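Here are a few friendly notes to read alongside the model. Please have the structure open as you go through the points.

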Amino acid sequence: MTASPSPRKGTPVTEASPTPIVGAGATAALLVVLFGSFMDLLDATIVTVAAPAVAQDLGAGDAQIQWTIAAYTLTLGAGLITGGRLGDQYGRKRLFMIGLAGFMVTSALCALAVDPGMLIGMRAGQGLTAGILVPQVFGIIRASFAPAERAKAFGAYGAVQGLASVAGPLLGGLLVDINLFGLGWRTIFWINVPVSVLALVIGAKVLPESRSASTARLDLMGALLAAAGILLLLLPIIQTETWGRTWAGYVLLAAGTGLLAIFLVHERRLVGKEPVFDPALLRIRAFAVGLGASVLFFGGIGSYFLTLSVYLQEGTGRTAWETGLVILPYALGSIITSGLGVALAARAGRTLLIIGSLTIAASQLVLWFIVKDGDDPGYWLLALALFVGGLGLGLAAPILVNVVLAGVPGRNAGAAGGVLSTVNQVGGAVGIAVLGTIFFASVTGSATGAPALPDYSHAFGIVLVVSAALYLITALVMLALPKAAIEHAE
């Protein structure tokens, strides 16, 4: 039995955890949870490269393609905190297995989708089950591994993140191009099924059970209010091209804003439960600034890769595999600098965040200069610009949450960290909604008939300029963050 501080009150919360596992059992348990984590990270990137093939096969419109990606990140974000609390209360192994089984089923249903609506719905379900699964990875490692093994386990998790960032675009492109069994893009979802079955069988035998002895109840109403409010805000933004600027869209925006206001009132009045979001956190300057920085920083990533993939495939005529090869240098660049960023975060975290954001902005301006003439710039120029962007991402993304938490009192760190992780996902969905809509509206606004490479270059150039400006603003916002990250944060 160990004690850890309650994130809201600072009082001890008893942790009902098993005897730390070691040896072969620890290795097997770690492999199982890393498999689950790998699939989540893979599915966050693999669909981007396959998006044009999905659109062509299912007859999906631009807004539906945006929803296919945004639905996953939005429901993942909505499920993260709730999933973590469910694991604490009912058992982390149990929730991991439930989440993994749900992820397997929804992946199969994504592969069986007969129309865009079904795919979007199943992608939302996939994200929600991932939101149940992912928090258990950290919970199981923290509760079940001895301190020395725990450090190695989190190191392995970091390596898996890097591997998934490389594997996502490459595997997505490969599976689409080889058209295995004539299934095309559907194989990017089918591949999750046998891996999940294997992980479930082994996990049932080797994963230890653990839970928190906290009696705080789950704030399900808060989670539903937050998710519904954000959904209502995103809906008219993504559907702008389809619906136009109508009174119904403004009504939805007003309704979403109202629901989020009700959410804040509900959280402020909550008694006897762990809130999804404690409004008192907004009085902590580092946290309030960190929320803004996180939304801006992660808001540009998902939309960047979606619009880049469409530009490369629909504009320059590259295959999905060739698109994955173009994106590969970005992943390699982030892997190179992520280790450096983590190593130096405790001394120069804020500086690294600012340098990383400015580097991403510079890479996007370079890429804009390369594509603005409307010609295919060739592999090496694209690869160079993307590699520089990856260097910036690796410096900033892995340490942003820990830098923000350095300015948050220890008793609030758990709650603040959970909210920031959720905001990262929500920011990605918002970015896809806004920048994706700008891109597709610019492409379809061409007066030349069917869009050609110059039209895609023009639309992608607009996204790059807007995104670069956002990263410049992000760097300015980051000046108000703490100077260094907290050490040994999980």
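1. Helix 5 (residues 147-178) and helix 13 (residues 320-371) pack at about 175 degrees with their axes 8 Å apart, so the two are roughly antiparallel (an angle over 145 degrees counts as such). Axes here are lines fitted to C-alpha atoms over the stretch in contact, and angles run from 0 to 180 degrees between N-to-C directions. Helices are DSSP runs of H or I with at least four residues, numbered from the N terminus. This is a predicted model, with local features needing pLDDT of at least 70 and side-chain atom pairs pLDDT 80 or more, while totals for chains, interfaces and linings use all residues. Residues are numbered from 1 along each chain, and side-chain values use heavy atoms, without hydrogens and water.

2. What lines the second largest pocket? It has 27 lining residues, with Ile230, Leu260, Phe263, Val423 and Val426 nearest its centre. A pocket is an open set of points on a 1 Å grid where a 1.4 Å probe fits, with protein on both sides within 12 Å along at least five of seven lines; lining residues have an atom within 4 Å of a point. The volume of this pocket, the space filled by probe spheres set on the points, is about 660 Å³. Helix 8 gives the largest share of the lining, seven residues. The lining divides into 23 nonpolar, four polar and no charged residues.

3. The salt bridges (Lys or Arg side-chain nitrogen within 4 Å of an Asp or Glu carboxyl oxygen) number four. Asp43 and Arg123 form a salt bridge at 3.8 Å, N to O, linking helix 1 to helix 4 across 80 residues.

How values were computed: Parallel < 35°, antiparallel > 145°, perpendicular 65-115°, else oblique. Nonpolar A, V, L, I, M, F, W, Y, C, P; charged D, E, K, R; others polar.
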